[in-house]
Amino acid sequence: MKPPILMDFPESFETERLLIRSPLPGDGHELHAAVRESIDELTPWMPWPKEHRTVDDSEASARRARVAFLQRSELRLHLYPRGTDTMVGSSGLQGIDWKVPKFEIGYWCRTGFRGRGYITEAVLGITAFAFDTLSAKRVEIRCDSRNHPSVRVAQRAGFLLEGTLQNNEVGNDGSARDTLIFALTPEHRKASG
């Protein structure tokens, strides 16, 4: 197997309504606007939004994500309605084990775009990219058991609930949180498709 850094694959692809692409220098302004607009919805579930205090913070985040993408250590992807420069949110593949290969999909949606199916569409597109382009043997979604919108995305995208890790993490509010693990394999994908 080639070292991951030598793997060539597309840096962008499209779904019916979305352009899904790797982060690029210059993404900071739009990333910052999307995170700040969505801070109240993101903060209960994720610690990283507080790191986006300024446009420069967001630009640095986009550039670090660009480096990780090129190193193939994490494949963050920015989401845009096709033909626009307005960020809908972000998703991508993390927790990568290239030996299997297996991936975890993370995602968040900008507040003004919630409820339109963009994140489910992105997850379906990224899942197809993982299986069809990256030869994934497993794709996971992990989320807080109380994060009902995230759970619904996993279910709508056809992922199977494999289990619950009880008291697995400490939430931003300091309480113990359960983590749900959803997964999809090529066999299940084929059977359900």
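Asp132 is exposed, its relative accessible area being 54%, where exposed means over 50% relative accessible area, buried under 20% and partly exposed in between, with a 1.4 Å probe and protein chains only. The model is a predicted one, in which local features need pLDDT of at least 70 and side-chain atom pairs count only at pLDDT 80 or more, while totals for chains, interfaces and linings use all residues. Residues are numbered from 1 along each chain as its sequence is written, and side-chain values use heavy atoms, with hydrogens and water left out.

Asp132 forms a salt bridge with Arg189, the closest N and O atoms being 2.9 Å apart; the term requires a side-chain nitrogen of Lys or Arg within 4 Å of a carboxyl oxygen of Asp or Glu. This pair links distant parts of the chain, with Arg189 in helix H6 (residues 186-192) and Asp132 in helix H4, 57 residues apart; helices are DSSP runs (H or I, at least four residues) and strands likewise (E, at least two), numbered from the N terminus. Arg189 is partly exposed, at 28% relative accessibility.

A salt bridge also joins the side chains of Glu11 and Arg66 (2.5 Å, N to O). Because Glu11 lies in the segment before strand S1 (12-14) and Arg66 in helix H3 (residues 55-71), the pair ties together parts that are 55 residues apart in sequence. Glu11 is partly exposed at 30% relative accessibility, whereas Arg66 is buried at 17%.

Arg138, Glu140, Arg142 and Glu162 are linked in a network of salt bridges, and the count by this rule comes to 14 salt bridges.
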